[in-house]
Amino acid sequence: MKLYNTESRELETFDPQGKPVRLYVCGITPYDTTHLGHAATYCAFDVLVRYLEYRGATVNYCENVTDIDDDTIREAPKRGTNWRDLGNYWTAHFMRDMIALNVRPPDHYPRATETIAEIIEFDRVLIEKGCAYESGGSVYFSVNSYPKFGQLSHIPKEEMLAIANERGNFPDDPKKRDPLDFVLWQAHAPGEPSWDSPWGPGRPGWHIECSAMNFKTFGPTIEIHGGGADLVFPHHECEIAQTVNFTGEDYFARIWMHAAMVGYMGEKMSKSLGNLVMVSDLLKTYAPDQIRLFLARHHYRKPWEFTFDEFRAEIAACERMQQAANAPSGDGAVMDVSDARARFEDALDNDLDSPAAVRVLCELADTLLEYSDAGRNVQAAQTWFRRAAGIIGLRLGAYGPEARVRAGWETHMMRFPTE
Ligand SMILES: [Zn+2]
């Protein structure tokens, strides 16, 4: 199959057959509810995971929780709670949304606060290798020590600072040698949680958390690294700089995949703008299959704009697919799906073109209903149809999410206790 690699800016051949695929996708920062933009990202990677499995790969999937970060620390007191309870509460909430949407759970679900020892070791080695420096109890990565910085985002050096500043960088931090240097370890500030380190008490920087969780789970290299497109720079750019300098390997992830942002009312859907469509609100009125089908209508790499009109238009398509999956089978000639199957696989082989794959499934649903009416044997066709629809997460009338989905997320949930 072909997958678009953000780093090479090309479609690259990826042969998953019979091989283990180590996949890491950046997870949520749990200080608020899951909106449709998050769901679009995690459902896109769910399609990837499920299709790789369909193709015969063994997917070893890791998604993290950024449970200690500027956002959780800032938001907790505003809500009369502490960062840990806030994080547990919203992570559990996110997991319930993922269960409802029938998203295959990751095999590993590390939280940053379980990875502090590895983060400190990462920082120590980076200082030893001359890529990082201690300053006033904090540790920074020296961007100038790594000439390939920018290899993923392809952003010209002179434009980097403005973008980094919009995304959490503090250019005026007097302890930094260069305004673009990013923090690996942040010295303790009053009212913040802290851990002991060789540089005094403090907490990890955001980017190093993912490098360390990734390394702890998978070792020096992985096949695919994913996340939302807003993470390309600086987050993933910084992850590469940290990891390759730590491991000494010439690459970190073979392929970098990024899910496009979802817009609503003319802007990117985001907490700060307040233009959010919450998954849990949609689930009060609409079926999970409808949300999954609607999301799969959009190619993961193309930004799109949410409208309720388009969303509601999926109700009919969803019902038709459900009818087709459950239509009576006769004892006439056996329906053949080999053509639909080839077109469906071609679509997903082509950089996960789920909109094209959904069109194949909708056509197949029509044919299934027609053939069922004509008394033909559609049993085998329905079996494949269900399997294919399952790749985009559809349940087609089966009660609730798959058992493995519920069981997997509920196991992770035990590490996020809420009252
Ligand atoms: Zn990350």
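Colleague: Is Met265 buried or exposed?

Modeller: Count its neighbours. Met265 has 12 of them, so it is exposed. Keep in mind that this is a predicted model.

Colleague: Where is Met265?

Modeller: Met265 sits in the loop between β11 (262-264) and β12 (267-268).

Colleague: What is the phi of Met265?

Modeller: Start with the general idea. Most residues other than glycine have a negative phi. Now the case here. Met265 is not a glycine, yet its phi is positive, about 55°.

Colleague: Which value does phi take in Leu352?

Modeller: Leu352 has a positive phi, near 55°, and is also a residue other than glycine. Look for Leu352 in the loop between α12 (338-349) and α13 (354-373).

Colleague: Which peptide bond is cis?

Modeller: The general idea first. Most peptide bonds are trans. Here, the bond from Phe233 to Pro234 is cis, and its omega is near 0°. Pro234 lies in helix α7.

Colleague: On to helices. How do α2 and α3 pack?

Modeller: Read the angle and the distance between the axes. Helix α2 covers residues 70-78, and helix α3 covers residues 83-100. They pack at an angle of about 100°, and their axes are 8 Å apart. Angles of 65 to 115 degrees count as roughly perpendicular, so α2 is roughly perpendicular to α3.

Colleague: Which residues meet there?

Modeller: From α2, take Thr72, Ile73, Glu75 and Ala76. They meet Trp83, Leu86 and Gly87 in α3. By type, this contact of α2 with α3 has four nonpolar residues, two polar and one charged.

Colleague: How many residues has helix α4, and what distance does it reach?

Modeller: Compare the reach with the expected value. Helix α4 (residues 116-128) has 13 residues. From first C-alpha to last, α4 reaches 18 Å, close to the 18 Å expected at 1.5 Å a residue.

Colleague: Which residues of α4 are buried?

Modeller: They are Glu118, Ile119, Ile120, Phe122, Asp123, Leu126 and Ile127.

Colleague: What covers the buried residues of α4?

Modeller: The cover includes strands β5 (132-135), β6 (138-141), β7 (182-187) and β8 (202-204). It also includes helices α6 (206-218) and α7 (232-247).

Colleague: What comes just after α4?

Modeller: Gly130, with a positive phi of about 85°.

Terms used: Residues numbered from 1 in each chain as written. Predicted model: local features only at pLDDT ≥ 70, side-chain atom pairs only at ≥ 80, totals over all residues. Axes fitted to C-alpha atoms, helices over the stretch in contact; angles between N-to-C directions. Helix = DSSP H or I, 4+ residues; strand = E, 2+ residues; numbered from the N terminus. Parallel < 35°, antiparallel > 145°, perpendicular 65-115°, else oblique. Contact = placed C-beta atoms within 7 Å. Nonpolar A, V, L, I, M, F, W, Y, C, P; charged D, E, K, R; others polar. Expected span 1.5 Å × (residues − 1). Buried ≥ 20, exposed ≤ 12 C-beta atoms within 10 Å, placed from the backbone.
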